[in-house]
Amino acid sequence: MDMLWNGWGDPAKAAPLPDTVTGLLRDLLGVKPHTTPAPALEDIRLPEPTADPAALKSLAEAVGGADHVRTDAESRIRHTRGKSTPDLLRLRTGDVSDVPQAVVLPASHDEVLTVLKTCAAHGLAVVPFGGGTSVVGGLAPERRAFVALDLRRMNGLLDLDPVSRTAVLQPGLRAPEAEALLAERGFTLGHFPQSFEWATIGGFAAARSSGQASAGYGRFDEMVLGLTLATPEGTIETGRAPRSAAGPDLRQLILGSEGAFGVITSVTVRIRPLPEARIYEGWRFASFEEGAAALRRLAQDGPRPTVLRLSDETETLIGLAQPDAIGAGLARSDAGCQAIAGYEGTAEETAQRREQAAAVLRAAGGTLLGAEPGERWAHGRYSAPYLRDALLDAGAFAETLETAAFWSRIPALYAAVRTALTDTLTETGTPPLVMCHISHVYENGASLYFTVVSAQGEDAVAHWTRAKHAANDAVLAAGGTISHHHGVGTDHRDWYVKEAGELGIEALRAVKRRLDPEGLLNPGVLLPTD
């Protein structure tokens with residue numbers, strides 16, 4: 001099944017906002033409902049591909065026939081851009097100016113190599129496409145004449161080594177299918193980002209994804225033991241051992257490269273036994289500062305839960321995890337900040353870690369709220385993007401951004417980004433709602449994940465662009481990184497250049513020139529074009 005073409009996820013799960021929430025948006029933000037309906041997919045007309053017919057014929061030969069090279073309007077539209085709010089707003093107006101010439105579906109590493117060589121011979125750019133869940137402009141290259149390389153046919157579990165606890169997965173394998181295949185053998189990857197239902201293994205690696213259980217299982221880049229990369233110049237294979245001192249680790253060069261250096265065609269990952277028990281519970285802290293200090297204590301001194309998150313006062317009051325109860329906490333004066341702690345493992349170790357962690361959280365000022373908030377969070381952990389679509393339908397603008405910093409810089413970073421977003425978005429009138437939570441913790445720091453809701457106004461994309469640029473400037477000025485897990489894409493590229501520095505970017509440009517001499521791979525994504 002394909003994702004909703006101009007929204008998120010399974011079309012059957014899309015639902016309008018309750019009238020009470022629509023009224024709240026109107027009263028708080030001055031949101032006005034749309035009067036002009038968005039076009040239907042079948043009503044959007046595309047020009048015929050301008051690519052050389054000989055190129056399309058050669059691509060068909062490379063991937064086993066014309067059935068695997070799609071030039072119909074629907075296939076091309078479904079591979080246009082990603083799933084950021086600006087991406088969706090453009091699609092909702094019928095703007096498909098970034099549409100690919102064709103969608104190519106290879107079935108093997110060798111077919112990917114042949115496709116890359118064919119595209120190089122015909123001057124066609126290539127955009128690797130997994131789940132299509134990018135929210136940072138990672139699927140909208142600067143060069144217009146490109147093909148989308150859809151990896152859905154490469155969706156298998158190639159090998160599982162129960163002794164070493166490793167698995168080799170193909171890049172087009174969606175996360176739920178990967179978990180199901182591993183579970184049949186008694187294992188789990190343990191990677192559950194908000195995009196879990198639709199994102200792919202290759203996309204996780206290409207964007208350095210981080211899942212909601214990262215406190216226990218680690219980030220995806222920490223799970224990756226080996227990679228195979230197809231480039232126009234040949235193949236790179238990494239990962240002979242769990243650790244090595246044989247020079248710089250090429251895995252780290254490929255991880256986070258977002259298709260700019262090549263196409264990831266297999267990933268060797270660390271796996272863990274399926275947990276016997278899962279427990280999620282809620283905690284309350286009087287303030288975001290107090291809650292952050294409690295999370296830091298667990299992250300640094302343990303015992304570390306598998307899941308550890310903290311919502312600020314605004315996010316706790318609004319209650320985004322319950323669409324039918326949004327705003328229900330606004331009348332309360334004692335809501336404070338809600339934290340979620342989750343524990344997975346054997347029944348004995350889960351109970352022991354929970355008890356030990358609870359003692360730390362209580363000592364840090366926390367009040368146990370019981371299992372209900374934790375179970376509610378676990379049940380709705382993938383629902384926020386569906387809520388965003390409903391907000392867009394109602395005339396609201398909803399978007400997210402994230403960053404990370406060392407613990408000592410978190411308070412200033414939090415304040416700086418909130419101020420930048422609020423000041424910029426208030427220029428059109430009503431102040432926005434700016435919410436934040438700590439979503440991933442480490443011994444030395446944490447990530448901040450911001451959610452913004454405002455009225456769309458006359459030109460929502462332009463208005464958000466100004467706000468996002470101001471927030472990006474604030475992130476770097478406050479000592480944060482421009483992205484913790486969404487990636488760079490085109491949206492963060494100019495700030496990534498500042499963060500990495502001129503010499504660092506030139507080193508990466510040299511790598512790209514060697515692996516992709518014609519600059520055909522995702523041009524303008526990650527690195528500026530020459």
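Q: How much space lies in the second largest pocket?
A: In this predicted model, the second largest pocket holds about 910 Å³ of space, a volume filled by probe spheres set on grid points joined across faces, edges and corners. A pocket is an open set of points on a 1 Å grid over the protein atoms alone, where a 1.4 Å probe fits, with protein on both sides within 12 Å along at least five of seven lines.

Q: Which residues line the second largest pocket closest to its centre?
A: The lining has 32 residues, and His34, Gln456, Gly457, Glu458 and Ala460 are the closest to the centre; a lining residue has an atom within 4 Å of a point.

Q: Which elements give two or more residues to the lining of the second largest pocket?
A: They are α4 (85-92), α15 (384-393), β18 (445-455) and α17 (460-477), named from DSSP runs (helices H or I, at least four residues; strands E, at least two) numbered from the N terminus. Among these, α17 gives the most, with four residues.

Q: How do the residues of this lining divide?
A: The lining comprises 11 nonpolar, 13 polar and eight charged residues.

Q: What makes the contact of aspartate 221 and arginine 208 a salt bridge?
A: Their side chains meet at 2.8 Å, N to O, and a salt bridge requires a side-chain nitrogen of Lys or Arg within 4 Å of a carboxyl oxygen of Asp or Glu, so the pair qualifies.

Q: Is aspartate 221 buried or exposed?
A: Aspartate 221 has a relative accessible area of 11%, and buried means under 20%, exposed over 50% and partly exposed in between (1.4 Å probe, protein chains only), so aspartate 221 is buried. Arginine 208, at 23%, is partly exposed.

Q: What separates arginine 376 and glutamate 372 in helix α14?
A: These residues are four apart in helix α14 (residues 371-379), so about one helical turn separates them. Arginine 376, at 23% relative accessibility, is partly exposed, as is glutamate 372 at 49%.

Q: Which residues are linked in a network of salt bridges?
A: Asp2, Asp150 and Arg152 form such a network. The structure holds 21 salt bridges.

Q: How are residues and side chains treated in these values?
A: Residues are numbered from 1 along each chain as its sequence is written, and side-chain values use heavy atoms, with hydrogens and water left out. Because the model is predicted, local features need pLDDT of at least 70 and side-chain atom pairs count only at pLDDT 80 or more, whereas totals for chains, interfaces and linings use all residues.

Terms used
Ala, Val, Leu, Ile, Met, Phe, Trp, Tyr, Cys and Pro count as nonpolar, Asp, Glu, Lys and Arg as charged, and the others, Gly among them, as polar.
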